Structure formats: structure tokens, C-alpha cells
Amino acid sequence: MFGPETVTRFQGIETPFYYYNLGLLSQTLQACKTAADKYGFHVHYAMKANFNPKVLATIQSFGLGADCVSGNEVSAAIAGGFKKQQVVFAGVGKTDKEINIALDADIFSFNVESVQELQVINELAKAKNKMARVAIRINPNVDAHTHHFITTGLDENKFGINSWQLNEVAETLRNCSNIQFIGIHFHIGSQITDLAVYKSLCIRINEMQTWFEDHGFQVKVLNAGGGLGVDYHHPDAHPIPDFEGYFKVFKDFLKVKPGQEVHFELGRALVAQSASLISRVLYVKYGQKKNFLVLDAGMTELIRPMLYQAYMKIQNLTQDFIAPLSQTNDPSLKAQDSKLKYDVVGPICESTDCFQKDVALPESFRGDLIAVRTAGAYGEVMASRYNLRDAVASVYSE
Ligand code: LLP
């Protein structure tokens, strides 16, 4: 990802900023597309992970669909060139305004999360004399074995419709003249690295499609959601996720009938490794118990470590790539290889504004460039202006 040339370029740029490696992004998209195409699977990009315009343009150029969770995302996807017949719209709280935006855009499908929502979409579609295509989002009660905060498919989560409500769903669907049922949708969580979890999901999807068919509904679309995880610990060793292995689980365990389509909604796996948050050390504070590196970026630029206790690798780019260039061959003048431990913190007036405690780094100095790696997903999109901070900038690979 980085080398002396890139880091030298960063030295002339005001920090903090997100650095996007568009080459790696393209390689990742190609790997995903090749693996999905092998089985005829359809992939929608989950826009919530990153809607930076250059990132979106790159993703759109690979012909992926879009998975949206707000009316604004639906509008942005279509304005950005995603085909309306490849746009799906999920979300537990779609407003009437947002539903109308999606109806006007004639999107591929609403992923519907409650019986009441089904009735509202039907009424709004009727008023426009339109048919709304819907997939029913079913809460499969499958444990994703991921962080509690990013699990979505358990009974205790707010998402989707629970299986004991399916009779009511079937009756509502029969009574809704402006709804076209196209299939079933699932999402069990994010940052899933245990592929066995997807086997359990396939078993639930197979049960659910049988249920719908037994009740007289043709299931054309199986949407298995997203959630494939990335390697936050070793971004350089594993820059591209195992798309082959991921899709193969579905190929092996999903009972796909002739004419049926299988859809996925991947966010993180497509964009996470392509970006890092780049900041500078403002101050080094040596204490009796702790040393602190105070950066010029904090929870306002990247909130994942503070909000989910997420691990994201921290690297001192100046010490890793620039300092070695100035070392002579005289071993007595070489910088020591030993590392120091620092709590790496941001400048925000909150104690929780800490990227990571006790990070082992080379001795670090004011002005050193620090990268927080694997920040392409749920990074820039979750930035805020808290403390009236400047909006975070973006820089791209040449
Ligand atoms: N589809 C639906 C319906 C979703 O709820 C999500 C993510 C996705 C697709 C994309 O999942 P992915 O492939 O990215 O795992 N902000 C959190 C992650 C929240 C994910 C919510 N749903 C984080 O930074 O870890």
C-alpha cells in the first residue's frame, strides 16, 4: 500500500485526510466480480460503506448494482450511473418521502422490514398507479459470530420480519394490489470472517423459500445480504478478501431453482482495504505510566475504534519509510529498532477519543505521518463536524 514515494508525497499535504488507493479498489472489485460471475451471482454495492464520489464512480464502472438505505442514497446511486433496475432499498425506517423517491425511480426492489411498511408501500404505489417490487427481509435468527454492535440477524435485533409473523406477511401480500412479491432478503451482520456462518444462513434461506412456495408464492430472488469481513490485523498480507471462498459456500449450500437469481449486498469487503486515514503527530507526551501520541485526527474523522472498540492497524509512515532513507551505513548512527508503547489519541475533547491503547511503534516525533489502515469502509461516511472540525479531505492515488 505504501512506499517512500507515496509517503514523500504525503509530506506536502495538509492532514488529516483519507488516502484512497484506486488501483487496489479496482483489483478488489475485479476479484469480486470474477468470483461472482463464475456462478451467475448478482452483487449490489452497499453504499452506506462509502459514498465518496470517486469510489462510487469506480465501483459503478464494474457494473455492480447498488444497495441503498435512504432515499438520498437511492438518488445518489442513480445520479452516479448505477442502473435503476439494479438498485435495492433496505432500511427499517423508510419515510413516505423516501419510498416515493424509490417508486419514482422504478428501482429493482424494496427490501421490506415490517408488515406495516408493506401496507404503506402498497398505499403509496397505488396513489401513483405503480407496482412496487418487494423482497421480504426475514430475520433468520442466525448468529453471525461478529461484534455484538454489528450483528443484525438475531431475534433481538430491530431488523427484518421474524419467522412467526410470516402468516401475516403472506395474508398482507395477497391483499396488496400494488405490490409484486419477488423474493426474500437476509442480512445477519457485518465483518463476518467465519464462513461456516454462511452455511447456517443458506440452510435458513432454503427453509424460508420452501415456506413461501408452499404458501403459493414464487420466489424469484434470493438476496443473501453482505457482511464478508476483511483482515484488519494484516492489511498488507490480505489486501483482497476471499471472495472465491465466500461465494462458493452459497454455491454449495443454497438450493437455487431454475430461473432463480441470487443477489448479494457487499459493502466493507469491497472498499475497506483501499483507504487509510492519514494524520500527523501533533504532540508526544511522555508520562509516568503512559506515553501519548496526540494526532491531528480523531473520532470526528474515524469513529469505528471509539464506537465499536474496533481494532484498526496503526502505522508510523515516517519512521517506516522516510527515516530509513536518511540512515548511514554506520551502525552506531542507525535508529534503534526497539519500539515504544503509546496510547494513540485524537484532539477531541472526549476521553473516548482514543484510536488504540499501548500501540507498539518506533519512537515517534512531532510531525510524523501516521496511517490508520483499512479505513475505506464506514470511515469517511461516518465522519462528523463535532467540535466544529473541518470536513475531512480525500486524496487519491495517481
Ligand atoms: N445490506 C444491509 C441490509 C446492511 O445492513 C449492511 C450493513 C450491508 C448490506 C453491508 O454489510 P457489509 O458487507 O458492509 O458488512 N458501521 C459498522 C458496520 C455496520 C453495518 C450495517 N449493515 C462498522 O463500521 O463496522
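Modeller: Let's start with a term: a polar contact is a pair of N or O atoms within 3.5 Å. Keep in mind that this model is predicted.

Colleague: Okay. Which side chain does Thr-15 join in a polar contact?

Modeller: That of Asp-296. The polar contact between the two side chains is 2.5 Å.

Colleague: Where is Thr-15 found?

Modeller: Thr-15 sits in a loop. The loop runs between helix H1 (4–11) and strand E1 (17–20).

Colleague: Does Thr-15 count as buried or exposed, and why?

Modeller: Buried. The cut-off for buried is under 20% relative accessible area. Thr-15 has 11% relative accessibility, so Thr-15 counts as buried.

Colleague: What is Thr-15 in contact with, leaving aside neighbours within four places in sequence?

Modeller: Ile-278, Ser-279, Arg-280, Asp-296 and Leu-369.

Colleague: New topic, the ligand. How many residues surround the ligand?

Modeller: There are 18. The closest are Ser-190, Glu-265, Arg-304, Tyr-308 and Tyr-378.

Colleague: What are the distances for Ser-190 and Tyr-378?

Modeller: A polar side-chain atom of Ser-190 is 2.4 Å from an oxygen atom of the ligand. For Tyr-378, a polar side-chain atom lies 2.6 Å from an oxygen atom of the ligand.

Colleague: How much of the ligand's area does the protein bury?

Modeller: The protein buries 93%. Taken alone, the ligand exposes 590 Å².

Colleague: Which elements give two or more residues to the shell around the ligand?

Modeller: Strand E10 (261–266) and helix H11 (304–308). By class, the shell has 6 nonpolar, 6 polar and 6 charged residues.

Colleague: On to helix H5. Which residues of H5 are buried?

Modeller: H5 spans residues 96–105. Its buried residues are Glu-98, Ile-99, Ala-102, Leu-103 and Ala-105. They cover an arc of only 165° around the axis, so they lie on the same side of H5.

Colleague: What covers them?

Modeller: The cover includes helix H4 (71–79), strand E4 (87–89) and helix H6 (115–127). Strands E5 (109–112) and E6 (132–139) are also included.

Colleague: What follows H5?

Modeller: Asp-106. The phi of Asp-106 is positive, near 55°.

Colleague: Last one. What do the buried residues of H9 pack against?

Modeller: Helix H2 (22–37), strand E2 (42–46), helix H8 (196–214), E10 and helix H10 (268–271). Among the buried residues of H9 are Phe-243, Tyr-246 and Phe-250.

Notes. Residues are numbered from 1 along each chain as its sequence is written. This is a predicted model: local features need pLDDT of at least 70, side-chain atom pairs count only at pLDDT 80 or more; totals for chains, interfaces and linings use all residues. Side-chain values use heavy atoms; hydrogens and water are left out. Buried means under 20% relative accessible area, exposed over 50%, partly exposed in between (1.4 Å probe, protein chains only). Helices (H or I, at least four residues) and strands (E, at least two) are DSSP runs, numbered from the N terminus. The arc is that of the directions from the helix axis to the C-beta atoms. Contact means heavy atoms within 4.5 Å. A residue is near a molecule or strand if one of its heavy atoms lies within 4 Å of it. A polar contact is a pair of N or O atoms within 3.5 Å; within protein, one must be able to donate a hydrogen and the other to accept it, and residues adjacent in sequence count only if both atoms are side-chain atoms. Accessible areas come from the Shrake-Rupley method with a 1.4 Å probe; for residues, only the protein chains shown count as cover. Ala, Val, Leu, Ile, Met, Phe, Trp, Tyr, Cys and Pro count as nonpolar, Asp, Glu, Lys and Arg as charged, and the others, Gly among them, as polar.
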